[in-house]
Amino acid sequence: MSDINQAGSAEEHQAPGALVEWEQRVAGYGGEPPFVEEPEYGSPIVLALKDAAIAAGIAAALFLFFIGFRTDINLGGLELTTRWQAFGISIVAVFVGRLAFRMLFWGSRQKGGRSLATRAIESRKGTPLSEHFARHSGKVGAFALAAAIVYPIVILWAFPLKDKQFIDLGILVLTYIMLGWGLNIVVGLAGLLDLGYVAFYAVGAYSFALFAQYFDVGFWFALPVAGLLAACWGIILGFPVLRLRGDYLAIVTLAFGEIIRIVLLNWYTFTGGPDGISGIPDPTFFGLAFARGDDNLPGLLGLKYDSAYKQAYFFYIILLLAMITNFVTMRLRKLPLGRAWEALREDEIACRSLGINTTNTKLTAFAIGAMFGGFAGSFFATRQGFISPESFTFMESALILAIVVLGGLGSQMGVVIASIVMIGGFELFRDLAEYRMLIFGLLMVIIMVWRPRGLIATRDPSAILKQRQSISADMVAQGEGH
Amino acid sequence: MTDKMPLLYMQGVETYYGNIIALRGVDVAVFEGEIVTLIGANGAGKSTLMMTICGNPQARSGQIVYDGEDITHLPTHEIMSRSIAQSPEGRRIFPRMTVMENLQMGAMLTDGASFDRDLERVFDLFPRLKERQHQRGGTLSGGEQQMLAIARALMSKPRLLLLDEPSLGLAPMVVKQIFQVIHDLNRDEGLTVFLVEQNAFHALRLAHRGYVMVNGKITMTGTGAELLARPEVRAAYLEGGRHEAAE
């Protein structure tokens, strides 16, 4: 009797339907990654056409009343006009758009889910794009560094009229690369979603500006101090959020970023509030300034004064700072601390069971990430010569986070590419003013559709590899511990 | 009499989740060189007991003593650095890290001097892991992941190994293999093992002694063979638990 009852109740627990069937299938696989959807069968073009036709059909049904008909208020009531041309165009647009997306980005599931665009890039070497990048990351990195070193020289020589503008763009890109690398430690390696990173950037900038204003200190003295202060604020933020994860952590860090900005805005007597701080000194080169006059560096070198030289000097400073950030991060990844960060991102409970002090691990991630943010902020202050809370809005945090996410969490090279594309693209489309954000948004959507884990999703193992693994990291499910 | 002192014992331990009591005065002792198992139904508090030993959550009252030292109120990472290792429930390997990196994580708290030897040892125990050392943890099969979880725990050279449901979701063949390894470790190296299991039959056959937990309390204890022979145990844990429901 009890058997019958049990059978009855067991059935009640299960709602019938495809979802249950799918769940059972997943459970049947034991939840083991990689779980692959059953492929669709048939010619990819036919499938894509079918798919696009369905989309067009849905669009036709929806658009018939939205676009096909138009009513205007007229004498004696509403007047109905039909707009078949616009209706037709919108349906064709949906059909073509869907087809293009399907062919280019989503791919047919038959070929391992890789789209035409991805395959086109990969086919040259016959390896996945990310693997390809990972394999040559050393060479690519060295080449990128060499290109960065000669960049100002080439610009000075080749574009004497627009040199300042181009070098300035380079400085901007490098600043964001550095910020991206700094945030990458917190978000990419330790897996702690930080939406208030700009706070540390602000702390760094204001530290230097205020030190310069009240104590008349130079850039090179203020730089480490600013980094240290930012690191302290990182720990101050770290303590209350130690128990938080994911969404909750993101909200608190977001609030933290806003608190710092609002304090800077309202503490008028100390920070100057919305007026900001101006007259922040330029950095010197071993005590020599980049200014007019024979006593200063260009004069001593026998060069004619040109403000582009100062720009080039700024460029090399930020390049140096960024490379330090990169070097420290790469070193840390191979040390127990960096490994603990990555393990923390993968599974916090497992970390604890291995005896890792997760409190310290998180705090060091916040502190070190914040320190590099502080360095970058200090540099920002000296380059601009003027700072105000305006520069440290949430948009900045979002932009830096977007660079890290689009580049691929944890990938150093990904941050570089994403910074160049996003910041460079920003400047490129400056003339298009109001369309800029549209293009920016579109770009993000495209990258996320095409490569959901960022441009470079491969995580390079930090243990020495004697052979390549056959399955790349982006095929493996993320841990559940974050 | 000193060799009668248990390596680990819990006395009157009570653990709460908020205001809800999960362990109601538990007494458990594990002696050096023993395999002790804790069996019980779903939600009896087995995993809570295991996690309480690890200090997450911490016991609200009672005492947990390891190797003569009171560890009741130590933070988790301090407890785990005292030659205790755990293979947590649900394996919890690091999926994006390679097998090798997972094992290195296990050896994080050692000085690293004997790393190569320890690695050789776990590869001897689990030859499959040696074959797969450069593969990402997440691409392993369930059984291999469980082997990796145990191997990772062994890398810290523990005296006491805590295993939380190593048979969870594995094929009978693989369960047999894993239990064989636990048995060999205990026999050949004298490793003390505390095993939490739902698979009562296998666990009791393997263990020297066992505890049965019902609703946050230890209701029975005895040698593995004794418990296997008890009709209550057979009814509740070995024959699908239907008789208990019918009563």
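The loop between α9 and α10 of chain A holds D216(A), where helices are DSSP runs (H or I, at least four residues), strands are DSSP runs (E, at least two), and both are numbered from the N terminus. D216(A) is not a glycine, yet has a positive phi of about 55 degrees. The model is predicted: local features need pLDDT of at least 70 and side-chain atom pairs count only at pLDDT 80 or more, whereas totals for chains, interfaces and linings use all residues. Residues are numbered from 1 along each chain as its sequence is written, while chains are lettered from A and ligands numbered from 1 in the order in which they are written.

**Confidence**

- The predictor gives the complex an ipTM of 0.85 and a pTM of 0.75.
- Chain A has a mean pLDDT (the predictor's confidence in each residue, from 0 to 100) of 80, and 79% of its residues reach 70 or more.
- In chain A, residues 108-115 stay under 50 in pLDDT, and the model has 18 contacts beyond four places in sequence for them; two residues are in contact if their C-beta atoms, placed from the backbone, lie within 7 Å.
- Residues 465-475 of chain A also have a pLDDT below 50, with 25 contacts in the model beyond near neighbours in sequence.
- Chain B averages a pLDDT of 90, and 95% of its residues score at least 70.
- In chain B, the pLDDT is under 50 over residues 241-247, for which the model has eight contacts beyond four places in sequence.

**Helix packing in chain A**

- Helix α9 (residues 198-215) and helix α11 (residues 246-266) of chain A pack with their axes 8 Å apart at an angle of about 30 degrees; axes are lines fitted to C-alpha atoms, for helices over the stretch in contact, and angles run from 0 to 180 degrees between N-to-C directions.
- α9(A) and α11(A) are therefore roughly parallel to each other, given that angles under 35 degrees count as roughly parallel, over 145 as roughly antiparallel, 65 to 115 as roughly perpendicular and the rest as oblique.
- From α9(A), V198(A), A199(A), A202(A), V203(A) and Y206(A) meet F256(A), G257(A), I260(A), R261(A) and L264(A) of α11(A).
- The contact of α9(A) with α11(A) has eight nonpolar, one polar and one charged residues; Ala, Val, Leu, Ile, Met, Phe, Trp, Tyr, Cys and Pro count as nonpolar, Asp, Glu, Lys and Arg as charged, and the others, Gly among them, as polar.
- The axes of helix α8 (residues 163-189) and helix α18 (residues 394-407) of chain A come within 9 Å and cross at roughly 70 degrees, which means that α8(A) is roughly perpendicular to α18(A).
- Residues of α8(A) that meet α18(A) include Y176(A), L179(A) and L183(A), and their partners include I400(A), L401(A) and V404(A).
- Helix α10 (residues 219-238) and helix α17 (residues 358-384) of chain A have axes 7 Å apart and pack at an angle of about 140 degrees.
- The contact of α10(A) with α17(A) has 16 nonpolar, nine polar and one charged residues.

**Chain B**

- Chain B has eleven helices and ten strands.
- The C-alpha atoms of chain B fill a box of roughly 50 × 40 × 40 Å, taken along the principal axes.

**Backbone exception in chain B**

- Most peptide bonds are trans.
- N56(B) and P57(B) are joined by a cis peptide bond, with omega about 5 degrees.
- P57(B) is placed in the loop between α1 (46-53) and β4 (61-66) of chain B.
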